[in-house]
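Q: I would like to go through this model with you. Could we take it one element at a time?

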Amino acid sequence: MSLSLIGIIAIQAYYINDSVNNEKERFKFNVIKALNYVSNTIEENESEQYFSKFLGLDSEKKADEDAVSQLLIYQKNNSTKEMFVYRGDVLEENYKLTSSLFDIGLDSIDIKNITTKSTTEIYSGNGDSNKDIKSPISKIIRSGSIDEAQRLSFERGFKEMRKTYPIHKRVSENEIKKLLTEKLKKDDIDIDFEFAIYSNNLATKVKSDNFEYDPNSSFKVPIFYDENNQTPYRLHVNFPDDRKFILSGVIGMILLSITFTSIIILAYSSALFQLVKQRKISEIKTDFINNMTHEFKTPIATINLAIDSIKNPKIIDDKEKVLRYLGMIKEENKRMHAQVENVLRISKLEKNELNISKDRVDLHDLVEDALTHVELIVEDRQGYIKTFLDAETSSVLANETHFTNVIVNILDNAIKYSPEAPKIEVYTENAGTNILLKIKDYGSGMSKAAAKRVFEKFYREHTGNIHNVKGHGLGLAYVKRIVEDHQGHVSVESEKDKGSTFIIKLPLIS
């Protein structure tokens, strides 16, 4: 599952990256296309402007004509005895024009113009040779310009002259901005841009106010080619917000991908967490069953031995021994009953079925009552319990039975987890409107990790295969539930091999 999840994320990352790269390439293609359009349009507009002026210079066109080529065709019609003659001439006209109209800075300009002239004549006659041809019956004369040849000749000469002219007088910032904005909008690129024209990698006067040259992010195309189809000029443009624009094209897909991937990761993590949690619960339940079986095994064995002893004919008549064995049976039965009650109490607490009525009681009295339940066990192990009941006010709202059991459970833990003679100290003190009850022992203590979980149901600190302390992890869970039901708080401070201190905080009543 982990490998599949990593694979899915990797594939999505690959496709998202591929989509972003495609958007970058599409953006670059559209920008270069727009720049080429602007470059060509500016050159065409400049050439068209001056070519139109040239065509209007009829008053200055006093040309010397030279024949470049001539086409002559004779065709005789045998049936009508008529002769058709076609003559076509290509003429080269040379002009010397003043340059003021072109604003180039020269005294005069030599311009060559190519024109055509054709004549069609029809003759009548009976002769067989050209000598027999007399005046024509009809004569048609046509003349005109060879536009394409004329234009190409003009443009070549024009480019040669204009390349020496300052670039800022050939094109303006407004013209570039207008053309570039219109073309980019047609390709759905509606973001701010900065532009400039550079000559041999040096800035010219033609640039926008905020343009900054960056070779890694600027787009450029050549502009203003000369007669040899070469140019030192480059039109540069860059976009301050190009990354945002590129990402905006795929942001929807990216957000959906992140959302669904996050849901998958969350669901996978939750499933993994539940698996680990269920495994821990299974281990805890198994441990609980083993501990409960161990707790019941000893009393049941004791009861069976006591019953077998009573059945013995030598014992059954001995009233004192019978009463002793019956007392043992009663005590072991009481012990098993207490274990079952512990489990039932926790179950009822979780289902909120345990009815806890509270009355005004003195906490010091509850402490004294709890001490009577354990003092014999402590004395039997040559230990002691010292009390330092220093709280001046000790009235609380509590259930006497349940809160006594809380104190007994904590004291019982202190005794069980004291490998040597138990040494226990009980303190009370006032803290504002609360009273603190502290029960301190000098036993084996617990780790910080165990201290965080000691109030969880069924939890017991792992000690390997050593089961020297009986229990099933319900006592402190019961303590926590009862204290919280009394609007109180219970915590523990412990250090391994140095003992533990349980602290109960309860609100006082006036």
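Q: Which residues of strand 5 lie on one side and which on the other, and are they buried or exposed?
A: This is a predicted model. In it, Glu194, Ala196 and Tyr198 lie on one side of strand 5, with Phe195, Ile197 and Ser199 on the other, and all are buried, so that both faces are covered.

Q: How many residues of strand 5 are buried, then?
A: Six of the six, residues 194–199, are buried, so the strand is largely enclosed by the rest of the structure.

Q: What does strand 5 pair with?
A: With strand 8 (residues 233–238) the pairing is antiparallel over six bridges, and isoleucine 197 stands opposite leucine 235 there. With strand 6 (residues 202–207) the pairing is also antiparallel, over three bridges, and tyrosine 198 faces alanine 203.

Q: What sits between strand 5 and strand 6?
A: The two strands form a hairpin with two residues between them, and asparagine 200 in the turn has a positive phi of about 50°.

Q: Changing topic: in what order do the strands of the five-stranded open sheet run?
A: The order is 10-12-13-15-14, with mixed pairing. Strand 10 (384–389) and strand 14 (489–495) each have a single partner strand, so one side of each lacks a neighbour in the sheet. On average, neighbouring strands are turned by 15° against each other, direction ignored.

Q: Which helix packs on that sheet?
A: Helix 8 (residues 363–380) does, touching strand 10, strand 12 (423–431), strand 13 (434–441) and strand 15. The direction of helix 8 makes about 170° with that of strand 10.

Q: And how do strand 14 and strand 15 pair?
A: Strand 14 and strand 15 (residues 499–507) are antiparallel over seven bridges. Valine 490 stands opposite isoleucine 504 in strand 15.

Q: Lastly, how many helices and strands does the chain have?
A: There are eleven helices and 15 strands. Of the 510 residues, 36% count as buried.

Technical notes: Residues numbered from 1 in each chain as written. Predicted model: local features only at pLDDT ≥ 70, side-chain atom pairs only at ≥ 80, totals over all residues. Heavy atoms only, no water. Pairing = 2+ DSSP bridges. Helix = DSSP H or I, 4+ residues; strand = E, 2+ residues; numbered from the N terminus. Axes fitted to C-alpha atoms, helices over the stretch in contact; angles between N-to-C directions. Contact = heavy atoms within 4.5 Å. Buried < 20%, exposed > 50% of the residue type's maximum accessible area, 1.4 Å probe, protein only.
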